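Trainee: I have a model open and want to learn how to read it. Where do we start?

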Amino acid sequence: MAEEAILGHLEKNEQISDSGNFAAERGFDHNDVVNVIKSLHGFRYIDAQAIKRETWVLTGEGKKYAAEGSPEVQLFLAVPAEGSISKDELQKKLDPAVFKIGCSQAGKNKWVEMGKQVSRKVQNVEDKVKDLLLQVQNGHALSKEEISSLKARKLIVPQTWKGYSVRKGPNYAPKRKKAATDLTRENLQKGDWKELEFKEYNFNAKGQPAEGGHLHPLLKVRKQLKDIFLQMGFEEMPTNNFVESSFWNFDALFQPQQHPARDSHDTFFLEEPSTTRELPEDYVERVKRVHESGGYGSRGYGYEWKREEANKNLLRTHTTAVSSRMLKALAEKPFAPKKYFSIDRVFRNEAVDRTHLAEFHQIEGLVCDRGLTLGDLIGVLHDFFSRLGMSKLRFKPAYNPYTEPSMEIFSYHEGFGKWVEVGNSGMFRPEMLLPMGLPEDVRVIAWGLSLERPTMILYGIDNIRDLFGHKVDLGLIKRNPICRLGIS
């Protein structure tokens, strides 16, 4: 309707000077007219020039007073023509806001005598405020003084009106031709394709976004780390068992049964099944002996080792439990040097905050060979971390129950401008290795770090809950860039 009216008007007239007046004269909604003008202008049927006008419109309060009358007139009419009314009774008759404003304005206009009793001072009043509001509502112009008075009472606000003036365009026609979007079989058979006007292709238009899977940042960093281990000749350990016995998680690592890490405040123990079904008995006996009375040059811990503690099932607290199984399997065969690594999930009963979760991922690497020394460990660490882009390393002596010597690993972070702890390392103790049956001259060097910390640094994430867990924004998964760990 609006399109036919616009094109038909331009067929007989030079222009439409004001789209607002045009819409009002023909009973169209101005927004509908504007949409049609934009469409016709896009196809060059018409040329449209934007026009703007500053107008005033009523606020919600202004609309109310335009319908019901100004507060001062409402208050005046509530006062009896003869006699007076108590202020409390008058207040009950009116809306609280109307009463408050009405008292102020009616007193200012000297219409009423205000006190404990309220009475009229004049018999008739004119509601000029309502009249002005109705004029604004009907689009009539007001003087500056009238605008200022209504504006001061917040009964009107300015509004920019936008419309168009319209002339014929280069492609003008009294009726729009519908542009064809496809060349069909019927067009070819009938031959009407010669008269068809085809819609132009927009080669700059973006297509529908391709929906598909997206890799989590942790998976991207994990893939890079796995590639680095494989480049260094390491073999991946099977880490598919989240549930582990306390024996392989703690006892086989020469970690005493009274160690704080074995408390329920730090470890998740299983209710069902609560205990493991079987353990290698001869190996269990050797582990028990080295805990209680030592051996292999060690005095042990000197306590009564309990089998029921070793049998308890738990969610593994570190992937070193997998390392202990792999080394025991290695000891049962003719010895051959090995390099193992693992990257998988572990669980700790920790309070959740911006840097800690109850589950996270541990990266672990170990080298098993004859005659290895602390110097070999430091050299392997420099090689490994340089492939992560961390060439500046420092080492600090530390304590671990199953490694001696032990070292914390620090790297200089250029962005933070300071040394940051990036991992832990050490040489597995003889009390751990020799009960397994490994030759006496075999040494194992190992190190570990979390997967989350380097990922957070690489992707600029300062809260681990934004990286891993149920609160992660799926937009992060879709938008995060490719991970490239550089070789320095």
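Mentor: We will take a sheet, the cysteines and a pocket in turn. Keep in mind that this model is predicted.

Trainee: Sheet first. In what order do the three strands of the open sheet lie?

Mentor: The order is E3-E5-E4, and the pairing is antiparallel. Strand E3 (84-86) and strand E4 (112-113) are at the edges. Each has a single partner strand, so one side of each lacks a neighbour in the sheet.

Trainee: How many bridges join E4 and E5?

Mentor: Two bridges, in the antiparallel sense, with E5 covering residues 117-120. Look for Glu 113, which stands opposite Ser 119 in E5.

Trainee: Now the cysteines. How many disulfides are there?

Mentor: A disulfide is a covalent bond between the sulfur atoms of two cysteines. Here the count is zero.

Trainee: Is Cys 103 buried or exposed?

Mentor: Buried means under 20% relative accessible area. Cys 103 has 14%, so it counts as buried. Cys 368 is buried too, at 0%.

Trainee: And pockets?

Mentor: Rolling a probe the size of a water molecule over the atoms shows where empty space is left. In this model, the largest pocket has a volume of about 1400 Å³. It is lined by 47 residues; Arg 348, Phe 360, Leu 449, Ser 450 and Arg 453 are the closest to its centre.

Trainee: Which element gives the most to the lining of the largest pocket?

Mentor: E14, with ten residues. Other elements giving two or more residues include strand E11 (359-370) and helix H18 (452-459). By class, the lining has 18 nonpolar, 18 polar and eleven charged residues.

Note on methods. Residues numbered from 1 in each chain as written. Predicted model: local features only at pLDDT ≥ 70, side-chain atom pairs only at ≥ 80, totals over all residues. Heavy atoms only, no water. Pairing = 2+ DSSP bridges. Helix = DSSP H or I, 4+ residues; strand = E, 2+ residues; numbered from the N terminus. Disulfide = S-S within 2.5 Å. Buried < 20%, exposed > 50% of the residue type's maximum accessible area, 1.4 Å probe, protein only. 1 Å grid on protein atoms, 1.4 Å probe; cavity = no way out; pocket = protein on both sides within 12 Å on 5 of 7 lines; lining within 4 Å. Points joined across faces, edges and corners; volume = space filled by probe spheres on them. Nonpolar A, V, L, I, M, F, W, Y, C, P; charged D, E, K, R; others polar.
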